[in-house]
Amino acid sequence: MKIRILPGVQLTLGVCLCLSGALLGAAEVNVYSARKENLIKPLLLRFEEQTDIRVNLITGKADALLQRIVSEGDHSPADVLITTDAGRLYRAQQSQVLQPVDSQILKESVPRQYRDPNGYWYALSLRVRPIMYAADRIRPEELSTYEALGEPLWKQKICVRSSNNIYNQSLVASLLAHLGQEDTLRWTERLVGNFARPPQGGDRDQIRAVAAGQCGLAIANSYYLGKMLTSKDPAQRQAAEKVKVFWPNQEGRGVHVNISGGAVAKYSKNRTSAIKLLEFLASDDAQQWYAETNFEYPVKPGIRPSKMLESWGKFKADSLNLHRLGELNANAVMIMDRARWK
Amino acid sequence: MGFFQRFRQQKSNLGWLLFAVSTALLLSIPVATVLYSVILPTSDIWSHLRSTVLADYALNSLVLAVGVCIGTSLIGISTAWLCSAYSFPGRKLFSWTLLLPLAFPPYIIAYTYTGMLDFAGPVQSVMRSLFGWEYGDYWFPEIRSIAGAIIMISLVLYPYVYLLLRTAFSEQSSSLREASHMFGVGPYKTLFTIILPMARPALVAGLTLVVMETLADYGTVHYFGVPTFTTGILRTWFGLGDLIAATQQASLLLLCVFAVILAERYSRKVAHYQNPAKIQKSWRYPLSGAKAVAAIVICSLPVLLGFIVPALQLGAWTLRTAPEIIDRSFFTLIFNTVQLAVIVTLIIVTASAVLAYGKRVGTHFSIPYTVNLSAMGYAVPGVIIAVGVLLPFAWLDHALDGWLQRNLGISSGLILTGTLASLAFAHVVRFMAIGLNSVDASLAKIHRSIDDAAQLLGCKTFERFANIHLPMIRGGILTAALLVFVEVTKELPATLVLRPFDFNTLAVRTYELASDERLADASSSALLIVAISVLPILMLNRSIIKSGVIHGAQT
């Protein structure tokens, strides 16, 4: 008898579970994130606790996730798309998989230049790409602008990663927006001529190479330095302590910034929850978390950056509207190809 | 054979052939999707690529492929020959430890060695502080270069060549070596004039896998800053935002690989490689003294550099980071990884047997091509395979949903996209070549006279396969299963794109941490991938020895 009852019990249990899920209407939100799991999951867990909305997550490369949303079409389970640069959000909007969001909270939290003019996407944190220099060999007075990195003074002195990297593509795109095609190409060629070694590795590798003396300067996102300074690995800490941050173009347009940001998918079935999640990610709590944990700058005005960020000093950020970076990205890659930036 | 007879034979095989061809076609869909892009209009990005980077991509890919071929041949041939033909202390130990580097995904060994050897790493730092050197005072080979990439990839891929050659050597009758020895021919000459030419199918099968895997590698060359076709494909897609041009680039790569395979097939068309019956006892050249030491050194270097050193480094990192990194979610990671690997392995093994046998019984010239097309996915970078799976599956989902809505008024939503099914399918397509090559190679060793005899005795196609061939190729099938299992455990890019919600594997976790340059934190999951892969590799070794015994040849 037992044997006969067991499957029946299982079935009933299963049906009950399914029904309870459906009846309670357990709210959920599906997130496609280009931010890596360990840099988003803690925030999502906090959101789940606060709201009782269940968050399902997949992470991956932004373009691949975007392609998945496009292919899935109007059945896509995606509610929220999170990327680590503005260009991809622009591309998503161009692919017509986003919907505009009109949220007072988001508008108040995110300054105008860090969100799409029509509300298709909102920045959630700022990622700044300054110049870093070897404190013992380079005098900061010698440094001034990104443009000046093309001068012969820096021959064999500059380390930077491959042009496959989106942060470099965005940097060149910002120069395109400010200087135009001809000058940007000339600058890129001169910069490549000043490389101390062929581009390789990631941003931390550039910082390490500066510390070890292979180059005098690196262009790298500031949060990498923050992570190295707080690393458990003494070698990373020692290396990072030899390197200082310089904010370029402070007399002019300001240092180049990119963002990580979020958007609501066009065919989202959980629109309300999706907007709630974006609002949560722009809240004081979450903004503080970015600064404390990942050393990114809060996008919301008035949030105090962490001690570490404060120690690097205040800076003026480029106010270029970031959707321009998306528009100019392909052009920037072509210029880097022509300048033989590997 | 007369026309009528041939027709009858063909007819009796018809069921099997239909099944094989439809399986092959199904598996070809992603590659066909990629190839389809060739007939789409080209954008002006192509003229930009041609005038700037395309030549670099092609040259670097060629240098990389040739370099890795040379590297894996040098290591693979020498070690396989030493372990099969000579007796020296430690031979038995080496014969299985030489397989261990297969457990390392190329990108992980690349990350590990870079961590140790680059300018800012411990080795050079110690040298600098010992001798008071600074940058530019001394020369040290640059690990992050094309030469470095060749060495890294060779170190983890040579086991393919070694494995297939060792099997081939052990299946060759040792009386060949004995006879050659008695006629006063030295071991070198014997190797290059008799043994190696006879083992050509095995060598070629191994090198084909190596080349395809090398061309599809993204992690290593990306990290080393070596622009190849593969990094170029992703740059065109991600950087220039042009997926069509990217798949066209992938097609170009595929066509090159196809051409190489066809050329090789054509060049050995005339030769036959079926081995005569074997003799029970195995005979080996004895080695002693300096020569034995040399053999030990040659065999231990690949194991040391390809497995022990990087595993120790990962172990050291793991000890430091494990308490923080390893939590409950780790068990889910292991479960997901193993689950996926088991599903994919079962499918590939079955499909390989169906296809390889279909190739054997099918007499029409188109069948081998169709079958081989289904194995092309191995040369395609995983992320492109993912696109090749995503597009047709999503189309199918939408077509089905549309039909149901029109006719029954219900919506099926997405049945295939974003499920374990599409993820498993992508893996099957990506690694089919491994299964097929290995089953194919062991089928090829069964003399056709056996088929003919069975047929004369009235054995039907399926009976012949189940009762005669299957027991004889058990070793080949097990080899296929274990190799596929290891590969799926290591796979990354397709998994990233196609996985269901909250479905993480060890490779995904490793990649996310390593690509964030948190190498030490990534070491726990990396080490687990290696550990999970080691077990099948050890089984692999046992199965080959055992199948050798079945065949009557001791190894």
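How many residues of chain A are in contact with how many residues of chain B? In this predicted model, 45 residues of chain A are in contact with 43 residues of chain B, where a contact means that the C-beta atoms of two residues, placed from the backbone, lie within 7 Å.

Local features need pLDDT of at least 70 and side-chain atom pairs count only at pLDDT 80 or more, while totals for chains, interfaces and linings use all residues. Residues are numbered from 1 along each chain as its sequence is written, and chains are lettered from A and ligands numbered from 1 in the order in which they are written.

**The side of chain A that touches chain B**

At least two residues each come from β2 (54-59), α3 (62-72), α8 (203-212) and α14 (323-338) of chain A; helices (H or I, at least four residues) and strands (E, at least two) are DSSP runs numbered from the N terminus. By class, this side of chain A has 13 nonpolar, 18 polar and 14 charged residues, with Ala, Val, Leu, Ile, Met, Phe, Trp, Tyr, Cys and Pro counted as nonpolar, Asp, Glu, Lys and Arg as charged, and the others, Gly among them, as polar.

**Two domains in chain A**

Chain A is divided into domain 1 (27-127 + 258-304) and domain 2 (130-255 + 318-338), with bounds that come from an automatic or database domain assignment. Taken over C-alpha atoms, the centres of domain 1 of chain A and domain 2 of chain A are separated by 27 Å. Their contact takes 15 residues from domain 1 of chain A and 16 residues from domain 2 of chain A. On the side of domain 1 of chain A that touches domain 2 of chain A, the elements giving two or more residues are α4 (86-94) and β10 (257-265) of chain A, and α4(A) gives the most, with 5 residues.

**A sheet in chain A**

An open sheet of 4 strands runs in the order β7-β8-β6-β9 (chain A), with mixed pairing; two strands pair if DSSP finds at least two bridges between them. Its edge strands, each pairing on one side only, are β7 (158-159) and β9 (243-246) of chain A. Strand β6 (residues 131-134) of chain A pairs with β9(A) in the antiparallel sense over 4 bridges, and Ile131(A) stands opposite Phe246(A) in β9(A).

**Helix packing**

| Helix pair | Axis distance | Angle |
|---|---|---|
| α8(A) and α9(A) | 9 Å apart | about 70° |
| α6(B) and α8(B) | within 9 Å | roughly 130° |
| α4(B) and α11(B) | within 9 Å | roughly 140° |

Angles under 35 degrees count as roughly parallel, over 145 as roughly antiparallel, 65 to 115 as roughly perpendicular and the rest as oblique. By their angle, α8(A) and α9(A) are therefore roughly perpendicular to each other. In this pair, Asp203(A), Arg204(A) and Ile207(A) of α8(A) meet Tyr224(A), Leu225(A) and Met228(A) of α9(A), a contact with 4 nonpolar, no polar and 2 charged residues.

In chain B, α6(B) and α8(B) are therefore oblique to each other. Pro106(B), Ile109(B), Ala110(B) and Tyr113(B) of α6(B) make the contact with Met152(B), Ile153(B), Leu155(B) and Val156(B) of α8(B), and by class it has 8 nonpolar, no polar and no charged residues. The helices α4(B) and α11(B) are likewise oblique to each other.

Conventions:
Axes are lines fitted to C-alpha atoms, for helices over the stretch in contact, and angles run from 0 to 180 degrees between N-to-C directions.
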